Amino acid sequence: MPISRDDFDPVATVVDWLDACRRGDVNALLDLYDERAVLECACEGISLTGREAIAAYRSPKLETKRVLSFSLDDVSLTGHGVQIDYQNYEGKPARVYFRFGVSNKIIYTSCAPMARAAARSSVN
C-alpha cells in the first residue's frame with residue numbers, strides 16, 4: 001500500500017534518521033523503527049530483525065563514524081518508501097531504501113554500497 005503523503009512525511013523521518021546517525025544517538029534512531037523492523041545490509045551481507053539487533057549493529061558504527069558521515073547526496077520517494085544516497089559511517093557512498101508501516105515507523109531498510117546499489121537498480 002503506497003504511503004499517503006497527506007498523513008505522513010516519510011522524507012522527514014529519513015531526515016530524522018540521518019540526524020540521529022550524525023549525532024550518534026542510538027535511542028533516537030531506534031525510536032524511528034518498528035519493534036519488528038528488518039535491516040538488510042548488502043555491505044556486510046547480513047539480515048537483522050528487531051530493534052535490539054539493529055541497535056547492536058548500528059551502535060559501533062555510530063561510535064566510529066567519520067566527520068562527513070551521514071551527509072545526504074540524493075533523496076527520492078518510491079512507490080512504497082524513500083530511497084537515499086548518502087555517505088555511510090565510513091564516509092563512503094551508499095544507498096538505503098526505507099519502507100514504513102501503518103505506525104509510520106520504519107519496518108524495512110536495505111542498504112548497499114553505491115556501485116552495488118546502482119547495478120541492482122538497473123536490473124529492476
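So, contacts along the chain: take the contacts (heavy atoms within 4.5 Å) between residues at least 6 apart in sequence, and 41% of them join residues at least 24 apart. Buried residues, meaning under 20% relative accessible area with a 1.4 Å probe and protein chains only, make up 40% of the 124 residues.

Quick housekeeping. This is a predicted model, with local features needing pLDDT of at least 70, side-chain atom pairs counting only at pLDDT 80 or more, and totals for chains, interfaces and linings using all residues. Residues are numbered from 1 along each chain as its sequence is written, and side-chain values use heavy atoms, with hydrogens and water left out.

On confidence: pLDDT is the predictor's own score for each residue, from 0 to 100. The chain's mean is 89, and 88% of its residues reach 70 or more. The part to watch is residues 119-124, where pLDDT stays under 50 and the model has four contacts beyond four places in sequence. Where pLDDT is low, the predicted coordinates should not be read in detail.

Okay, the fold. You've got four helices and six strands, in the pattern α-α-β-β-α-β-β-β-β-α along the sequence. Those are DSSP runs numbered from the N terminus: H or I over at least four residues for helices, E over at least two for strands.

The six strands make an open sheet with mixed pairing, in the order β2-β1-β6-β5-β4-β3. Pairing here takes at least two DSSP bridges between two strands. At the edges sit β2 (46-49) and β3, each pairing on one side only. From one strand to the next, the twist averages 15 degrees.

Let's walk through some of the pairings. β1 (residues 33-41) and β6 (residues 106-113) run parallel over five bridges, with Y33 standing opposite I106 in β6. As for what packs on the sheet, α1 touches β1, β3, β4, β5 (93-100) and β6, and its direction makes about 30 degrees with that of β4. Then there's α3, which touches β1 and β2 and makes about 50 degrees with the direction of β1. For those angles, axes are lines fitted to C-alpha atoms, for helices over the stretch in contact, and the angles run from 0 to 180 degrees between N-to-C directions.

Back to the strands: β4 and β5 are antiparallel over seven bridges, and G81 has R99 in β5 as its bridge partner. Their hairpin has five residues between the strands, and G91 takes a positive phi near 80 degrees there. β5 and β6 also run antiparallel, joined by seven bridges, with V96 partnered by C111 in β6. In that hairpin, with five residues between the strands, N104 is the residue with a positive phi, near 65 degrees.

R99 comes up again, by the way. Its charged end sits over the ring of Y108, 4.6 Å from the centre. The rule there is NZ of Lys or CZ of Arg within 6 Å of the ring centre and within 35 degrees of the ring normal.

Now the aromatics. Rings of Phe, Tyr and Trp (its six-membered ring) pair if their centres lie within 6.5 Å; planes under 30 degrees apart are stacked, over 60 edge-to-face, and the rest tilted. By that rule there are six aromatic pairs. One of them is W17 with Y86, edge-to-face, at 5.8 Å centre to centre and 80 degrees between the planes. That pair links W17 in helix α1 (residues 10-23) to Y86 in strand β4 (residues 81-87), 69 residues apart. How buried are the two? W17 has a relative accessible area of 0%, and Y86 has 3%.

Y86 also stacks with F70, at 6.0 Å centre to centre and 20 degrees between the planes. F70 is in the loop between α3 (51-63) and β3 (72-77), 16 residues from Y86, and F70 is buried too, at 1%. Put together, W17, F70, Y86 and F98 form one aromatic cluster.

Two more residues before I stop. S69 is in that loop between α3 and β3, and counts as buried at 5% relative accessibility. Leaving out residues up to four places away in sequence, S69 touches R22, Q87, N88, Y89, E90 and G91.

And Y57, over in helix α3, is buried at 11%. What does Y57 touch, not counting residues up to four places away in sequence? L39, C41, E44, I46 and L48. Y57 and I46 are eleven residues apart in sequence and 9.9 Å apart in space, C-alpha to C-alpha.

Technical notes: Buried < 20%, exposed > 50% of the residue type's maximum accessible area, 1.4 Å probe, protein only.
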